[in-house]
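Trainee: I would like a close look at a single helix and at what surrounds it. Please take me through it slowly, and then widen the view to the neighbouring parts.

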There are 2 protein chains.
Amino acid sequence: MASCWERIAALQESNASRLCVGLDADPDKYPAGLKGKPESTLEFNKGIIDSTLDVVCAYKPNAAFYEAMGEAGLRALKETIAYIGGRAPVILDVKRGDIGNTASRYAAAAFEDLGADAVTLSPYMGFDSVEPFMKYEGRGIFLLCLTSNRGSRDFQLYHEGDPLYTRVARKAVEWDEGRGQLGLVVGATQDELIGHVRALSAELPFLLPGIGAQGGAIESVNAAEVSGGGLGVVVNASRGVIYAGSGQNWREEVRRAAKELKESI
Amino acid sequence: MASCWERIAALQESNASRLCVGLDADPDKYPAGLKGKPESTLEFNKGIIDSTLDVVCAYKPNAAFYEAMGEAGLRALKETIAYIGGRAPVILDVKRGDIGNTASRYAAAAFEDLGADAVTLSPYMGFDSVEPFMKYEGRGIFLLCLTSNRGSRDFQLYHEGDPLYTRVARKAVEWDEGRGQLGLVVGATQDELIGHVRALSAELPFLLPGIGAQGGAIESVNAAEVSGGGLGVVVNASRGVIYAGSGQNWREEVRRAAKELKESI
């Protein structure tokens, strides 16, 4: 079977798109008829997926939104991934990180129970928190490197000259060893520094959140590109796309927002 | 209502115990009659809780083990916390960390849906990933600082002289500002460095995992103590206690293991 990275690259080619749509299900923001109803989460996600399948290269549900809805939320997440059914790779945004014994349980949850194709992980606890995920052949792992939020300054930029994010980028290259499983999360808001991360990790795929609601610029995508093809960059947008419409024709508005963003990238 | 830290301190006093029992539910390790049955998770946890309530100062379920069991696991986790029912504080070990908008959903999941009293968080994404949890008055947050695993060397010890974990300890003191909500996770395996973290964060509670299965020494607890009372240190043990017995009398063996460990601390 094709690896997660290969499947994303194939969709980037066939849909001519680097856009990943973030499925951050928040019932308070659902459109007319579904608004305020957690039990409409699957229906909402189906509407997004049906409207964007030929516009995206991947989907990225963030686990937090589903966990906040309890058991029913977890069910909706699982059913959403099943509904996508391999038509596009699913990057499950969980940002986990724990000791090996425990990380293997998180890997089982993401890859076996939920059926995700890739995850995001936090690097804070080091290699043995990442390794159990790498044992799943063909699955992808985006390590947090330089994130899009204000708090990225607190630790990721710590130590002038040779900050933490550079260490993460170098370690990711070392751990991947060309296996084609690791990538990096690099915030689209980090304009000036994206090129630096790219210089340290020439071949790794980048997941770029922060376009749109968080203020990241489209130009940042260029700095993240790899030369010579390959996966390069996956640009995530969540709120700006999935809540683009609030009326009866919300599916059309979501599609239009996704297409516009895809073209602009 | 008393804060989480106050409630832990009260149990440390009344039960004369610094022991926190980690509820890392792994069906493959359950004792006779329950072994291999994920549906026995609540019954297993009830046995642990009934056998140790007067020996502990808190419980710490690790979310990974429940997530690996899917929806039923999440239900068992919620029912376990409900069964404890405030008789001991529950530290939900989730190690989350995400941008503010998303962190607020994780906080809702832990504190509202599941009813935990405290959580563990990863500091990698900085203050805005922690702040939404601090808005819940009286709840506790243990930030990963210097963990018990081998991978702690990859980033936490990065930069000789002034490594990342020292920055986390200092930031935690700054962010807490005496509000009594932040603490630090410091691995019991980090003998020589525990005193250093303590020197940087004189008043913060420490959660010390790594005793037992991970090889941490009891002596490490002394280095983590605070002078002059207060919460000081919460020593977690999971596998070494909850899987102490495999036969029909497993509850007695769990109790004996917990009491022995409590006395030795």
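Mentor: Let us begin with what covers the buried residues of α8(A), a cover which includes β5 (140-146), α7, β6 (182-186) and α9 (191-200) of chain A together with α7 (152-155) and α8 (164-176) of chain B. Contact here means that the C-beta atoms of two residues, placed from the backbone, lie within 7 Å, while helices (H or I, at least four residues) and strands (E, at least two) are DSSP runs numbered from the N terminus. This is a predicted model, in which local features need pLDDT of at least 70 and side-chain atom pairs count only at pLDDT 80 or more, whereas totals for chains, interfaces and linings use all residues. Residues are numbered from 1 along each chain as its sequence is written, and chains are lettered from A and ligands numbered from 1 in the order in which they are written.

The residues under that cover are Leu164(A), Tyr165(A), Thr166(A), Arg167(A), Val168(A), Ala169(A), Lys171(A) and Ala172(A), the buried residues of α8(A). A residue is called buried if 20 or more other C-beta atoms lie within 10 Å of its own, exposed if 12 or fewer, and partly exposed in between, with C-beta atoms placed from the backbone. The length of α8(A) agrees with expectation, because its 13 residues at 1.5 Å a residue should span 18 Å and its end C-alpha atoms are 18 Å apart; the expected span is 1.5 Å times one less than the number of residues. Just after α8(A), Glu177(A) takes a positive phi of about 45°. In chain B, Glu177(B) likewise has a positive phi of about 45° although it is not a glycine, and its place is in the loop between α8 and β6 (182-186) of chain B. Glu177(B) counts as exposed because 9 other C-beta atoms lie within 10 Å.

Now for the interface itself. In total, 45 residues of chain A are in contact with 45 residues of chain B. On chain A, α3 (63-67), α4 (70-84), β3 (91-96), α5 (100-113), α7 (152-155) and α8 (164-176) each supply at least two residues of the side that touches chain B, and α5(A) gives the most, with 7 residues. By class, the residues of this side of chain A divide into 17 nonpolar, 14 polar and 14 charged, where Ala, Val, Leu, Ile, Met, Phe, Trp, Tyr, Cys and Pro count as nonpolar, Asp, Glu, Lys and Arg as charged, and the others, Gly among them, as polar.

In α1 (residues 4-14) of chain A, the residues Cys4(A), Trp5(A), Arg7(A), Ile8(A), Ala9(A), Leu11(A) and Gln12(A) are buried, and what covers the buried residues of α1(A) includes β2 (58-61), β4 (118-121), β5 and β8 (233-237) of chain A. Just after α1(A) comes Ala16(A), with a positive phi of about 50°, although Ala16(A) is not a glycine. Ala16(A) is found in the loop between α1 and β1 (19-23) of chain A, and it counts as exposed because it has 12 C-beta neighbours inside 10 Å.
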